[in-house]
Amino acid sequence: MQYTLRLSHGWFIRTLALLSISLFAVVISPVRAQESADFPAYLAFSGELYQWTPGDATPQPVTGCDLDGNKVLSLSLSPTGTHLTMNVVSEAVFNGGYAPSPVGNLWLCDLVNRTTRAITDVDVVRVSLSRSGVWSPDGTLLAWSGVNDDDSAAIFIYDWMSETTTTLVENTPLDSGCGAGSSAPALTWGETGIAVGYFILSETDPCGPQPQAAGIYVYDIQGERIADLPVGPVEQIFWDYEAGDNDRLIFFQNETVEWQTVTLDDGTVAAVGSPQGYLPAIADDSPTVTRVGVVPRVMLPGMTMDQAFDPMMSAGIFNIGFSPDGMAALFQLESGVYSVIDGEIARLTLETDNYYLGNDIAWSPLRYRIANNAVVEASICSAVPPFFYPDYLTRVVAGLGANNLRVAPLSDAERIGEIPEGAVAEVVFLTDVCSGGIRWRHVTYEGVSGWTAESQGETYYLEIPTD
């Protein structure tokens, strides 16, 4: 085993009583959870760590959480808002594009006392950890998975109060894929336990279309496997928090376009529309992230469905975070990080050439439920497919007038210029964004960069230049 661990088993008895506590309640934490007004967002941007409070134009570097010259890849904020985990790699690995895709060692920052400590110590180029730490519902424990020497995975748990790490599950299948190698499986932690996908390659045909076995295991806080759900390979898993006693999981398989649910007691599988992430402490008009396939749609309070954001997920560059009161959001696109407060959108002053490296947003955690079919199926973008611009050039279609340039992908955002019909502009990023029924592109024309409409309904306003 590649890990340096300090083992302690006494905390298991104590934690049994904690699993029924709600996501935002803290009864044994020595630090009270922060109120919404002073609950900042944390951003990893080009491998650096920042803090942002709603209303600030510029995120500030986090002081006290010393990275010792390392770079941050991803973040996970505890439900209490008091602790932040970071997947960290050396600057040399980061600048090399962190090939072959290590996900970094886990570090923990105590945001109250502003102290940092490394939780794992592995060779991240050789040994894989799960991409981010997963917090228990009460925020006192942290779980992650790691690769064993015998081509299996283990699940570890860290207790930040006692600063001890223990092995919860010694052996669980890896997230295996022919040609892609094996990686540590992702986890999701609900009040019933920890769910993890498993994928066991076929012994006779490792590269065959069907694995020997695949599905979801569920472990309780004592490390006992309480459910084996052989539903096949899974891409993402969430606990369904409206399923009664948290006894149902929502999962996605990439060979299908629909999410499904599976119950723990009898393994019943049902096809559903899509899950919604929401803040459990907020009323029905809370912000939501509705996932259609792997593409998220983001809607804030006061928005109608045709105003919702539908950013295309590309190379892991899209991130979203909500404030605890549900009235503010941060989202990241290739063109930068944007804030949305009371319906007003603004671009934060963060500049980088490495928009695709080491970027993440950690704010209030979301719970998941099944979305209404009308919400899932509502059309919020154009009926025509987006273009791919191989030469990063686009032209405004002749005969429809000039295209406006705006500071954000919203039809009522500030207008900063226009592109005449027939004129050619440079496409800065290939990611498109849908909002207000319009598909938007971030372009530059005559030195001015902004968002312009590519299509609406069945009408294209932009085209690929052919001459």
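Residues are classed as buried under 20% relative accessible area, as exposed over 50% and as partly exposed in between (1.4 Å probe, protein chains only). The model is predicted: local features need pLDDT of at least 70 and side-chain atom pairs count only at pLDDT 80 or more, whereas totals for chains, interfaces and linings use all residues. Residues are numbered from 1 along each chain as its sequence is written, and side-chain values use heavy atoms, with hydrogens and water left out.

The protein chain has three helices and 40 strands, assigned as DSSP runs (helices H or I, at least four residues; strands E, at least two) and numbered from the N terminus. Of its 467 residues, 55% are buried.

A nonpolar core is a set of buried Ala, Val, Leu, Ile, Met, Phe, Trp, Tyr and Cys residues joined through side-chain atoms within 4.5 Å. The largest comprises 29 residues, and Leu43, Leu49, Leu75, Leu84, Met86 and Leu330 have the most contacts inside it. Strands that each supply at least two residues of this core include E1 (41-45), E5 (83-89) and E27 (328-333). E1 gives the largest share, five residues. Apart from this core lies another of 24 residues, among them Leu73, Val89, Ile119 and Val147.

With contact defined as heavy atoms within 4.5 Å, and residues up to four places away in sequence not counted, Met86 touches Leu49, Leu67, Val72, Ser74, Leu75, Asn105, Leu106, Trp107, Cys109 and Thr116.

Ile416 is found in strand E34 (residues 415-419). Ile416 is classed as partly exposed because its relative accessible area is 31%.
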